[in-house]
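Visitor: Hi, I have just opened this one and would like a hand finding my way around. Could we talk it through?

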Amino acid sequence: YTITARAGDTMSGLAYRHDIGIIELEQANPGLYRLREDQRVVIPKQFILPPKKYRKGIVLSMSELRLYFFPKDSPFVMTYPVAMGREGWRTPTTKTYVVKKAADPTWYVPESISEHHYESTGIRLPDKIGPGPENPLGPFAIYLGARSILIHGTNNQSKVGQYVSSGCIRMYNT
């Protein structure tokens, strides 16, 4: 569908408001980076579902940067934009399961991420970051059986829909 941009709209703001990733929005609107009031913007909301044999539980599409959730005993599917692992830190391809879910999780900073952050910025990260605006896990986390990989919120929602994480799957907090 299409919408008309309002004063103050941004591409990342529209992506968040319409529950799509920024790359999806940019691909649907080539050459459009700065919005003007009354400008038409295509919102891509049609998706090709994964093959039927995979339509159980949570399915991640790495090429689409999209999570599909197929609730048990339901004809409906829910779909969400996600961020995944950047170059050199790609989210692994695997079959796994949910171990636990947590509200207001504490992030125990992996040594590899701590070292990378220090090399990149010269700033040392603490061993752990509790709930709050500095926590990159956001307000919720789903811990998976695949070691060190979580599906979680984020403290930087403008990055959802991009390859920017250290392997985890980030989602909007809403």
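Predicted model: local features only at pLDDT ≥ 70, side-chain atom pairs only at ≥ 80, totals over all residues.

Visitor: How much space lies in the second largest pocket?

Guide: The second largest pocket holds about 800 Å³ of space. Its lining is made up of 32 residues, and the closest to its centre are W107, I113, P136, S166 and R170.

Visitor: Which elements give two or more residues to that lining?

Guide: Those elements are β8 (107-108), α3 (111-121), β11 and β12 (163-165), and α3 gives the most, with five residues.

Visitor: Okay, and what volume does the largest pocket have?

Guide: The largest pocket has a volume of about 1300 Å³. There are 44 residues lining the largest pocket, and I58, V59, L60, L67 and I151 are the closest to its centre. Two or more lining residues come from each of β3 (57-61), β4 (66-70), β5 (78-81), β7 (98-103), β10 (140-144) and β11 (150-152).

Visitor: Which element gives the most there, and how do the lining residues divide?

Guide: In the largest pocket β3 gives the most to the lining, with five residues, while the lining as a whole divides into 29 nonpolar, 10 polar and five charged residues.

Visitor: Changing topic: in what order do the four strands of the open sheet come?

Guide: The order is β7-β10-β11-β13, with mixed pairing.

Visitor: How many bridges join β7 to β10?

Guide: Five bridges join β7 to β10, and the two strands run antiparallel. If you look for K101, you will find that it stands opposite I142 in β10.

Visitor: One more thing, about backbone angles: what is the phi of D38?

Guide: D38 has a positive phi of about 75°, although it is not a glycine. Most residues other than glycine have a negative phi. D38 sits in the loop between α2 (22-28) and β2 (40-42).

Visitor: And is D38 buried or exposed?

Guide: D38 counts as exposed because its relative accessibility is 59%, and the cut-off for exposed is over 50%.

Visitor: What about L65, where is its place?

Guide: L65 lies in the loop between β3 and β4, and L65 likewise is not a glycine, yet has a positive phi, of about 55°. With a relative accessibility of 4%, L65 counts as buried, since buried means under 20%.

Notes: Residues numbered from 1 in each chain as written. Heavy atoms only, no water. 1 Å grid on protein atoms, 1.4 Å probe; cavity = no way out; pocket = protein on both sides within 12 Å on 5 of 7 lines; lining within 4 Å. Points joined across faces, edges and corners; volume = space filled by probe spheres on them. Nonpolar A, V, L, I, M, F, W, Y, C, P; charged D, E, K, R; others polar. Pairing = 2+ DSSP bridges. Buried < 20%, exposed > 50% of the residue type's maximum accessible area, 1.4 Å probe, protein only.
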